[in-house]
Amino acid sequence: MPSRLSDAFRAHPQQQLKHPDFTSLHELPDSYAWNQRDDPSPETFATESVPLVDLNDSNALQVIGHACKTWGIFQVTNHGISTSLLDMVEHTCRSLFSLPVHQKLKAARSPDGVSGYGFARISSFFSKLMWSQGFTIVGPPDEHFCQLWPQDFSYHCDVIKEYKEEMKKLAGRLMWLMLGSLGIIAKEDIKWAGPKADFKGASAALQLNYYPACPDPDRAMGLAPHTDSTLLTILYQNSTSGLQVFKEGAGWVAVPPVPGGLVINVGDLMHILSNGSYQSVLHRAMVNRSHHRLSSAYLYGPPSTVEISPHPKLVGPTHPPLYRPVTWNEYLHTKAKHFNKALSSVRVCVPLNGLGDVNEQNNSVTVG
Ligand SMILES: C=C1C[C@]23C[C@H]1CC[C@H]2[C@@]12CCC[C@@](C)(C(=O)O1)[C@H]2[C@@H]3C(=O)O
Ligand SMILES: O=C(O)CCC(=O)C(=O)O
Ligand SMILES: [Fe+2]
């Protein structure tokens, strides 16, 4: 099993797809036209809205805990990330995606790599193409940025580095808020958080997404429904809406951009750590006829060698562990192979009849 995030996809290389120049398309090609069969979820729209939390509010911990249990997503304000930094990141995204295709392809993601320009990893699980372009950054951006902007790369590198540092601090803070509401409050409760409890060794990937304006948005899909493989994800979206989340009993709910706000979603590893108490949220990005859309997702997880398992404080005789321990790399590997069945493939199979022979998937563990 690879031990670095950048090696997570060595065993599952991504197929090479053509990168069209979106700006030149005035009609939606058939390869981009999604039909109901590709998107089985009901197209209902809810009146409910995703919780909004002011991080300066004294109730923040409780509101976040409730949001993680019921929605698996919330938006935050007063998060400490300056508007000017968010503007600079947006500017870097804009500048990156508006480069000519041949220039972007100089920093193309290699089939078995994780960083660089290309289609979303999950593309291979769908028969239709997504109306988006992405740029993934794991580790320092210098090498790829040098190819994109031979003149100005150091400016863009500095923006991304500062953003990653700020995101890392905010993610550590959010970790304690999310865990705190489950009663996981002491430094010793999460050993890998380190002596200062600041999650210094955490790993992360930054995913920049660009959704060009689309001639036929009702039939196109920006980013297909998925959950993130993370502990948590911090998403910045520009002022164009498009993000939707699936809520049981309500259907697809839009997550409108809140000025200066950030969207936080629970990922699969947090679902495991919370022993199923927090939901990793199914989400997708829709596209727009007249406006392009930009987003940046900070995908946050544990250090590569750390195994995540249901927290001992949440496990007991009446609450058996629902998942077996997994490292982030191992889980990304599983996701690249099984996509939306990845979570169930690491689920511990509790026998329903006590006979211990219930084992729906050959790589799940049977207990009892
Ligand atoms: C650290 C990560 C997390 C990854 C894979 C790798 C780098 C890029 C991330 C995303 C970003 C876009 C959605 C997703 C589903 C995708 O296709 O690539 C994510 C995936 C995951 O959360 O599984
Ligand atoms: O663009 C968005 O709103 C969603 C992006 C996303 O889900 C991701 O990058 O994982
Ligand atoms: Fe996502």
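1. A polar side-chain atom of Tyr211 lies 2.6 Å from an oxygen atom of ligand 2 in this predicted model. The side chain of Asn209 places an N or O atom 3.0 Å from a ligand 2 oxygen, and for the side chain of Arg293 the value is 2.8 Å. The protein covers 95% of the 290 Å² of accessible area that ligand 2 has on its own (Shrake-Rupley method, 1.4 Å probe).

2. The surroundings of ligand 2 (residues with a heavy atom within 4 Å) include His226, Asp228, His283 and Ser295, together with Leu223, Leu235 and Leu243.

3. Lys164 lies in helix H5, residues 153–180 (helices are DSSP runs of H or I, at least four residues; strands are E runs of at least two). Lys164 is buried (under 20% relative accessible area, 1.4 Å probe, protein chains only). Lys164 has no salt bridge (a side-chain nitrogen of Lys or Arg within 4 Å of a carboxyl oxygen of Asp or Glu); Asp142, the nearest side chain of opposite charge, is 8.8 Å away.

4. Helix H7 (residues 328–338) is largely enclosed by the rest of the structure, because 8 of its 11 residues are buried. Among them are Trp328, Glu330 and Lys335. The buried residues of H7 pack against elements including strand E5 (203–211) and strand E12 (293–301) (contact: heavy atoms within 4.5 Å). Just after H7, Phe339 takes a positive phi of about 45°.

5. On conventions, the model is predicted: local features need pLDDT of at least 70, side-chain atom pairs count only at pLDDT 80 or more, and totals for chains, interfaces and linings use all residues. Residues are numbered from 1 along each chain as its sequence is written, chains are lettered from A and ligands numbered from 1 in the order in which they are written, and side-chain values use heavy atoms, leaving out hydrogens and water.

Key
Buried < 20%, exposed > 50% of the residue type's maximum accessible area, 1.4 Å probe, protein only. Lys, Arg positive; Asp, Glu negative; His and termini not counted. Polar contact = N/O pair within 3.5 Å; in protein donor to acceptor, adjacent residues only side chain to side chain.
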